[in-house]
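Trainee: I would like to learn how to read packing and ring features. Please show me the case.

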Amino acid sequence: MSAAKGFIKFVDRVNDVIGEAVSYLVVPLTLIVVFEVMMRYAFDAPTLWAWDVNMYLGGLLTMMGAAYVHRHKGHVTVDFLLEKWTPKNRALLDLILSPLVLVPLFILIWIGWDAAMQSLKINEKFTSLWEPRIWPLRFAIPAGGILFLLQAISKFLSDLIRYRELKEQEGEN
């Protein structure tokens, strides 16, 4: 299990670094929204670029931060149903449910990669007057999917280790 623990530690660290780094994208995203609203409504002079830049920033924040959120159990759960369960039974349920995220992630990575490659091939652009290229953002989809997949595997291994430890503790009592 030491190899599994090493993998878990590595993946958790990578997703912590990336998640914390992309979390700072909220600052320019917010400032650009405030700037755009001010320009549009106070000066009647909307920008050509604000929407496109915010699509980039929001897309990067979402795709590259999803694994970080998964690592820190930030996605929606129904914990109130499990409050009375023993830690071992909760660990077993986590172990059973953890792999369910793998199929959608494989599909996301596969389709995301195809879409990114097609976007690069045709040099796809946003349909705005500014027309920035969209393919760099499209590559964030499979990249974020891979990070999420690695985090899902890490979580499964963590759940397996936790379940085994709880089962051993129960046997000792």
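Mentor: Start with H1 and H3, which are oblique to each other. Angles under 35 degrees count as roughly parallel, over 145 as roughly antiparallel, 65 to 115 as roughly perpendicular and the rest as oblique. This is a predicted model: local features need pLDDT of at least 70, side-chain atom pairs count only at pLDDT 80 or more, and totals for chains, interfaces and linings use all residues. Residues are numbered from 1 along each chain as its sequence is written, and side-chain values use heavy atoms, without hydrogens and water.

Trainee: At what angle do H1 and H3 pack, and how far apart are their axes?

Mentor: The general idea: two packed helices are described by the angle between their axes and the distance between the axes. Here, helix H1 (residues 2-23) and H3 pack at about 130°, with axes 8 Å apart. Axes are lines fitted to C-alpha atoms, for helices over the stretch in contact, and angles run from 0 to 180 degrees between N-to-C directions. Helices are DSSP runs (H or I, at least four residues), numbered from the N terminus. The crossing of H1 past H3 is left-handed, a term for a near helix turned anticlockwise from the far one by less than a right angle.

Trainee: Which residues of H1 and H3 meet?

Mentor: On H1, they include Asp12, Asn15, Asp16 and Ile18; on H3, they include Leu61, Met64 and Arg71. Contact means heavy atoms within 4.5 Å. By class, this contact has 6 nonpolar, 4 polar and 4 charged residues. Ala, Val, Leu, Ile, Met, Phe, Trp, Tyr, Cys and Pro count as nonpolar, Asp, Glu, Lys and Arg as charged, and the others, Gly among them, as polar.

Trainee: At what angle do the axes of H2 and H3 cross?

Mentor: Roughly 155°, for helix H2 (residues 26-42) and helix H3 (residues 50-71), whose axes come within 10 Å. H2 and H3 are therefore roughly antiparallel. H2 also passes H3 in a left-handed crossing. Among the contact residues are Leu29, Ile32 and Val33 of H2 and Val53, Leu57 and Leu61 of H3. The classes here are 9 nonpolar, 2 polar and 1 charged.

Trainee: Now rings. How many aromatic pairs does a search of the whole structure find?

Mentor: A pair of aromatic rings is described by the distance of the centres and the angle of the planes. The search finds 4. Rings of Phe, Tyr and Trp (its six-membered ring) pair if their centres lie within 6.5 Å; planes under 30 degrees apart count as stacked, over 60 as edge-to-face and the rest as tilted. Phe35 and Trp49 are stacked, at 6.0 Å centre to centre and 20° between the planes. Phe35 sits in helix H2 and Trp49 in the loop between H2 and H3, so the pair ties together parts 14 residues apart in sequence.

Trainee: Why is the pair of Tyr56 and Phe126 tilted?

Mentor: The planes lie at 55°, with ring centres 5.8 Å apart, so the pair is tilted. Tyr56 is in helix H3 and Phe126 in the loop between helix H5 (102-121) and helix H6 (135-138), 70 residues apart.

Trainee: Is Phe126 buried or exposed?

Mentor: Buried, with a relative accessible area of 9%. Tyr56 is buried too, at 19%. The cut-offs: buried is under 20% relative accessible area, exposed over 50%, partly exposed in between (1.4 Å probe, protein chains only). Phe35, at 32%, is partly exposed.

Terms used
Helix = DSSP H or I, 4+ residues; strand = E, 2+ residues; numbered from the N terminus.
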